[in-house]
Amino acid sequence: MPEQPEPLESYEEGQAIAPTGAGGASDLATAEGETLEQSPSAADGRAPGGPLGTGTDKKPRSLWSDAWRDLRRNPIFIISSLVILFLVVISIWPQLIASGDPLDCDLAKAQEGSQPGHPFGFNGQGCDVYTRTVYGARTSVTVGVLATLGVAVLGGILGGLAGFFGGAWDGVLSRITDVFFAIPVVLGGLVLLSVVTSSTVWPVIGFMVLLGWPQLSRIARGSVITAKQNDYVQAARALGASNSRMMLRHITPNAIAPVIVVATIALGTYIALEATLSYLGVGLKPPTVSWGIDISSASQYIRNAPHMLLWPAGALAITVLAFIMLGDAVRDALDPKLR
């Protein structure tokens with residue numbers, strides 16, 4: 001019986017000789033050395049021909065960087081962002097495109113159509129429709145943004161705590177949200193705001209926060225429950241991390257995306273709700289300039305002077321559509337299942 005060749009080992013010049021299935025030998029160290037010359041080393045981070053620390057390997061992208069890359073390539077996001085940016089600018093500085101006073105009215109020009117210097121015509125009180133439409137953006141955007149922030153903060157905190165701690169806190173909060181979900185929004189506005197005499201935006205904002213936080217609370221609760229079951233949270237808990245550290249460092253950054261998406265879409269809904277309540281006479285009240293107030297006052301003149309209704313209603317529709325489109329684009333970018 002022929003003797004099997006013994007493995008040959010050589011450490012000359014740092015080379016190791018290993019046996020092959022054919023009975024020969026292959027220089028594994030040499031092959032590995034050639035491979036290392038063609039690719040960066042994981043140990044020292046060097047790129048071919050580059051010094052230490054100047055490797056070109058890209059780090060794994062996070063959810064937010066991945067979402068931002070997708071958003072920059074999404075035409076819906078770009079268009080809606082430009083529209084919203086324009087609305088924000090004219091809300092802060094309406095005099096940039098409207099030099100008149102929205103409360104400066106002339107009854108002699110009531111219901112007249114377009115004229116030089118007054119492209120949208122005049123309303124039933126002889127006020128310039130163009131100026132009132134521009135200044136109405138400030139009220140609508142202010143109400144929408146502040147209501148959304150209040151709903152997101154209140155609902156996010158309460159829902160996040162309920163999802164993290166569970167138990168009696170979760171049970172009590174769930175029953176409270178069930179009660180609020182049973183209240184129709186428009187009917188609740190008619191009941192609660194009908195006793196308010198203030199003409200400022202704060203009662204309307206407070207009403208929206210009061211009835212809007214349960215939705216965000218449910219979203220935040222479910223997102224936190226899903227996030228806290230991940231391995232990295234369990235590892236942090238096993239290493240002795242405090243509850244506050246786990247919430248702030250591990251759970252919140254990974255659970256806040258659904259809240260942002262829902263809040264962005266809801267912003268347009270709150271703007272439409274403010275116009276609806278103002279149209280019904282329980283929202284904002286004169287002399288506040290609002291699209292809802294102008295739509296309400298123009299509804300009785302729709303046959304004789306349709307321009308009074310067309311322009312504020314069109315501005316409201318474009319604004320709501322822009323925020324909803326923005327929310328849809330953000331949702332598509334942040335949802336891994338839709339990639």
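Of the contacts in the protein with a separation of 6 or more, 63% join residues 24 or more positions apart. The model is a predicted one. Its 339 residues include a buried share of 36%. The protein contains 12 helices and two strands, and the order of its elements from the N terminus is β-β-α-α-α-α-α-α-α-α-α-α-α-α.

**Packing of helix 4 and helix 7**

- Helix 4 (129-165) packs against helix 7 (residues 202-228) at an angle of about 40°.
- The axes of helix 4 and helix 7 lie 5 Å apart.
- The crossing in which helix 4 passes helix 7 is right-handed.
- Sorted by class, 18 nonpolar, nine polar and two charged residues form the contact of helix 4 with helix 7.

**The largest pocket**

- At least two lining residues each come from helix 4, helix 7, helix 9 (243-255), helix 10 and helix 12.
- Helix 4 provides the largest share of this lining, with nine residues.
- The lining of the largest pocket has 18 nonpolar and five polar residues, and no charged residues.

**The largest cavity**

- Two cavities of 30 Å³ or more are present in the structure.
- The largest cavity has a volume of about 60 Å³.
- The residues that line the largest cavity are Asn123, Val129, Arg132, Asp294, Ser297, Ala298, Met308 and Pro312.
- Helix 4, helix 11 (291-298) and helix 12 (307-334) are the elements that give two or more residues to the lining of the largest cavity.
- Helix 11 contributes the largest share of the lining of the largest cavity, namely three residues.
- By class, four nonpolar, two polar and two charged residues line the largest cavity.

**The second largest cavity**

- The second largest cavity holds about 30 Å³ of space.
- Leu193, Val196, Ser198, Thr200, Pro203, Val204, Val282, Gly283 and Lys285 make up the lining of the second largest cavity.
- This lining is divided by class into five nonpolar, three polar and one charged residues.

**Threonine 288**

- Threonine 288 is located in the loop between helix 10 (257-279) and helix 11.
- Does threonine 288 count as buried or exposed? Threonine 288 counts as buried because its relative accessibility is 17%, and the cut-off for a buried residue is under 20% relative accessible area.
- Leaving aside residues up to four places away in sequence, threonine 288 touches Arg132, Thr139, Ser199 and Ile293.
- One of these contacts of threonine 288, Arg132, is also among the residues that line the largest cavity.

Methods: Residues are numbered from 1 along each chain as its sequence is written. This is a predicted model: local features need pLDDT of at least 70, side-chain atom pairs count only at pLDDT 80 or more; totals for chains, interfaces and linings use all residues. Side-chain values use heavy atoms; hydrogens and water are left out. On a 1 Å grid over the protein atoms alone, a cavity is a set of points where a 1.4 Å probe fits but cannot get out, and a pocket is an open set with protein on both sides within 12 Å along at least five of seven lines; lining residues have an atom within 4 Å of a point. Grid points are joined across faces, edges and corners, and a volume is the space filled by probe spheres set on the points. Helices (H or I, at least four residues) and strands (E, at least two) are DSSP runs, numbered from the N terminus. Ala, Val, Leu, Ile, Met, Phe, Trp, Tyr, Cys and Pro count as nonpolar, Asp, Glu, Lys and Arg as charged, and the others, Gly among them, as polar. Axes are lines fitted to C-alpha atoms, for helices over the stretch in contact, and angles run from 0 to 180 degrees between N-to-C directions. A crossing is left-handed if the near helix is turned anticlockwise from the far one by less than a right angle, and right-handed if clockwise. Buried means under 20% relative accessible area, exposed over 50%, partly exposed in between (1.4 Å probe, protein chains only). Contact means heavy atoms within 4.5 Å.
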